Amino acid sequence: MLEFVNVSKSFWTGKQRKVILDRASFRVELGNSLGILAPNGTGKTTVINMMAGLEKPDEGAIHRNCKISFPLGFMGGVVTRHTAVENCRYIARLYGLDPDYVEAFCRWMCGIEEYFDMPIGTYSAGMRARFTFSLLLALDFDMYLIDEGMPQTTDTAFNKKAGAVLKERLETTTVVIVSHQAETLEKFVRSAAVLIDGQFVMFDTLEEAKQLYDYQTQGE
């Protein structure tokens, strides 16, 4: 279970204070994947980072009673001067997993051939996205955090393979995914929420959340 209790978060932009969350309280139960609809610039990434423990709230408490992943696309734990081999084996040890398994899984998932033995700093943006998503799926979590859906790659074979693995994981794990498009959430979630102007409103279904989201954002 992941729970926010009266959580507030804001930033000073230099001209005004931008409110991300205003005394938000909600709970994500294991087995009930959650989609969060939020316009661009409203703090989607900040909320996901708070769930992962990468950012702290200004007020309130966040309770994590399960194993929660780092956000998809987060590169903070990856050392770019090291190879993919070195990175995935090191991170496997941090999580108490078999380095041979994590390396083999990532090699199979990435499909980047000889680049897997080269420094990550030499990768294109698409190759980095493929590696970080592969690493995310190689590790063992109860809840996966995803910002804006699948990694943006032009490799259709990877997208198909990664999508199939993620769908399989959904049968035994929980996903929290944030996006500004309802279509991104449809394949992954049961319940949904809307984040606008610091207000976090929970709904039982994505369709209900979409109605409020469309109403709030129409004309933008």
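This is a predicted model: local features need pLDDT of at least 70, side-chain atom pairs count only at pLDDT 80 or more; totals for chains, interfaces and linings use all residues.
1. Helix α1. This helix spans residues 44–52, and seven of its nine residues are buried, so it is largely enclosed by the rest of the structure. The buried residues are Lys-44, Thr-46, Val-47, Ile-48, Asn-49, Met-50 and Met-51. After α1 comes Gly-53, which has a positive phi near 90°.

2. Asp-147 belongs to strand β5 (residues 143–147). Although buried, Asp-147 has no salt bridge. The nearest side chain of opposite charge is that of Lys-44, 5.7 Å away; a salt bridge would require a side-chain nitrogen within 4 Å of a carboxyl oxygen. The side chain of Asp-147 does make a polar contact with the side chain of Thr-45, at 2.5 Å. When neighbours within four places in sequence are left aside, Asp-147 is in contact with Lys-44, Thr-45 and Val-178.

3. Salt bridge between Asp-58 and Lys-9. The structure as a whole contains 11 salt bridges. In one of them, the side chains of Asp-58 and Lys-9 meet at 4.0 Å, N to O. Asp-58 is in the loop between α1 and β4, whereas Lys-9 is in strand β1 (residues 2–12), so the pair ties together parts that are 49 residues apart in sequence. Asp-58 is partly exposed, with a relative accessible area of 43%, while Lys-9 counts as buried at 9%.

4. Salt bridge between Lys-67 and Asp-140. These two side chains meet at 3.2 Å, N to O. The pair links distant parts of the chain, 73 residues apart: Lys-67 lies in the loop between β4 and α2, and Asp-140 in the loop between α4 and β5. Lys-67 is partly exposed at 41% relative accessible area, and Asp-140 is partly exposed at 47%.

5. The side chains of Arg-107 and Asp-117 form a salt bridge of 2.8 Å, N to O. Because Arg-107 sits in helix α3 (residues 99–110) and Asp-117 in the loop between α3 and α4, the pair ties together parts 10 residues apart in sequence. Arg-107 has a relative accessible area of 32% and is partly exposed; Asp-117 is partly exposed at 42%. Both residues belong to a network of salt bridges that also includes Arg-89, Asp-100 and Glu-103.

6. Nonpolar surface patch. Tyr-90, Leu-94 and Tyr-95 make a nonpolar surface patch of about 350 Å². Of these residues, Tyr-90 is found in helix α2 (residues 84–94) and is partly exposed, with a relative accessible area of 49%.

Terms used: Residues are numbered from 1 along each chain as its sequence is written. Side-chain values use heavy atoms; hydrogens and water are left out. Patches are made of residues with over 30% relative accessible area and no salt bridge: like charges are joined within 9 Å, nonpolar side chains (Val, Leu, Ile, Met, Phe, Trp, Tyr) within 5 Å. Accessible areas come from the Shrake-Rupley method with a 1.4 Å probe; for residues, only the protein chains shown count as cover. Helices (H or I, at least four residues) and strands (E, at least two) are DSSP runs, numbered from the N terminus. Buried means under 20% relative accessible area, exposed over 50%, partly exposed in between (1.4 Å probe, protein chains only). Lys and Arg count as positive and Asp and Glu as negative; His and the chain ends are not counted. A polar contact is a pair of N or O atoms within 3.5 Å; within protein, one must be able to donate a hydrogen and the other to accept it, and residues adjacent in sequence count only if both atoms are side-chain atoms. Contact means heavy atoms within 4.5 Å.
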